[in-house]
Amino acid sequence: MDANPKRHNVTVLGGRMAGKNGSLVGEEIVMALSGLRIDYALIACSGVDDKGRVMDFDLSKIAVKKAALAISDRKLLLATQSKFGRTALSTVAMISEFDEVISGQGGGRLHR
């Protein structure tokens with residue numbers, strides 16, 4: 001038995017794996033998320049347009065991202081500088097809805 005109190009448990013909620021990055025998607029995961037509370041939602045995107053819309057191309061991934069945002073205490077957007085000024089198929093959320101933007105370049109964080 002490991003007595004290290006800093007270990008984390010990882011729970012996989014189901015659904016199916018999709019896309020190059022193996023994202024979990026599907027109605028099962030959206031339903032499972034609705035009954036939880038999470039500390040941090042780390043949300044990646046395909047683009048952030050000039051109107052501040054955080055966007056993605058995959059509607060099934062967008063559904064999971066929206067569900068995670070709805071139950072999270074803190075919302076963190078993960079977006080490299082190359083994502084800004086780009087559009088995609090549909091909106092995940094407005095950039096103003098995120099507590100922090102993490103870009104990973106030039107200092108990495110844009111605080112809200």
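**Briefing: pockets, helix packing and a buried serine**

Ser72 is buried, with a relative accessible area of 8%. The cut-off for buried is under 20%, so Ser72 falls inside that class. The model is predicted. Of the chain's 112 residues, 34% count as buried.

**Fold**
- The chain holds two helices and nine strands.
- Read from the N terminus, the order of elements is β-β-α-β-β-β-α-β-β-β-β.
- Take the contacts between residues at least 6 apart in sequence: 66% of them join residues at least 24 apart.

**Ser72**
- Ser72 belongs to strand E6, which covers residues 72-78.
- Leaving out residues up to four places away in sequence, Ser72 touches Ile38, Asp39, Tyr40 and Ala41.

**Helix pair H1 and H2**
- Helix packing is described by the angle between the two axes and the distance between them.
- The H1 and H2 axes come within 9 Å and cross at roughly 5°.
- Angles under 35 degrees count as roughly parallel, so H1 and H2 are roughly parallel to each other.
- H1 makes the contact through Ile29, Val30 and Leu33, while H2 uses Ala63, Val64, Ala67, Ala68 and Ile71.
- By class, the residues of this contact are eight nonpolar, no polar and no charged.

**Largest pocket**
- The largest pocket has about 720 Å³ of space.
- Its lining comprises 25 residues.
- Nearest the centre of the largest pocket lie Leu33, Leu42, Ile43, Val64 and Ala68.
- Leu33, Val64 and Ala68 also take part in the contact of H1 with H2.
- The lining of the largest pocket divides into 15 nonpolar, four polar and six charged residues.

**Second largest pocket**
- The second largest pocket has a volume of about 160 Å³.
- His8, Asn9, Val10 and Thr11 line the second largest pocket.
- Its lining splits into one nonpolar, three polar and no charged residues.

Notes:
Residues numbered from 1 in each chain as written. Predicted model: local features only at pLDDT ≥ 70, side-chain atom pairs only at ≥ 80, totals over all residues. Heavy atoms only, no water. 1 Å grid on protein atoms, 1.4 Å probe; cavity = no way out; pocket = protein on both sides within 12 Å on 5 of 7 lines; lining within 4 Å. Points joined across faces, edges and corners; volume = space filled by probe spheres on them. Nonpolar A, V, L, I, M, F, W, Y, C, P; charged D, E, K, R; others polar. Axes fitted to C-alpha atoms, helices over the stretch in contact; angles between N-to-C directions. Helix = DSSP H or I, 4+ residues; strand = E, 2+ residues; numbered from the N terminus. Parallel < 35°, antiparallel > 145°, perpendicular 65-115°, else oblique. Contact = heavy atoms within 4.5 Å. Buried < 20%, exposed > 50% of the residue type's maximum accessible area, 1.4 Å probe, protein only.
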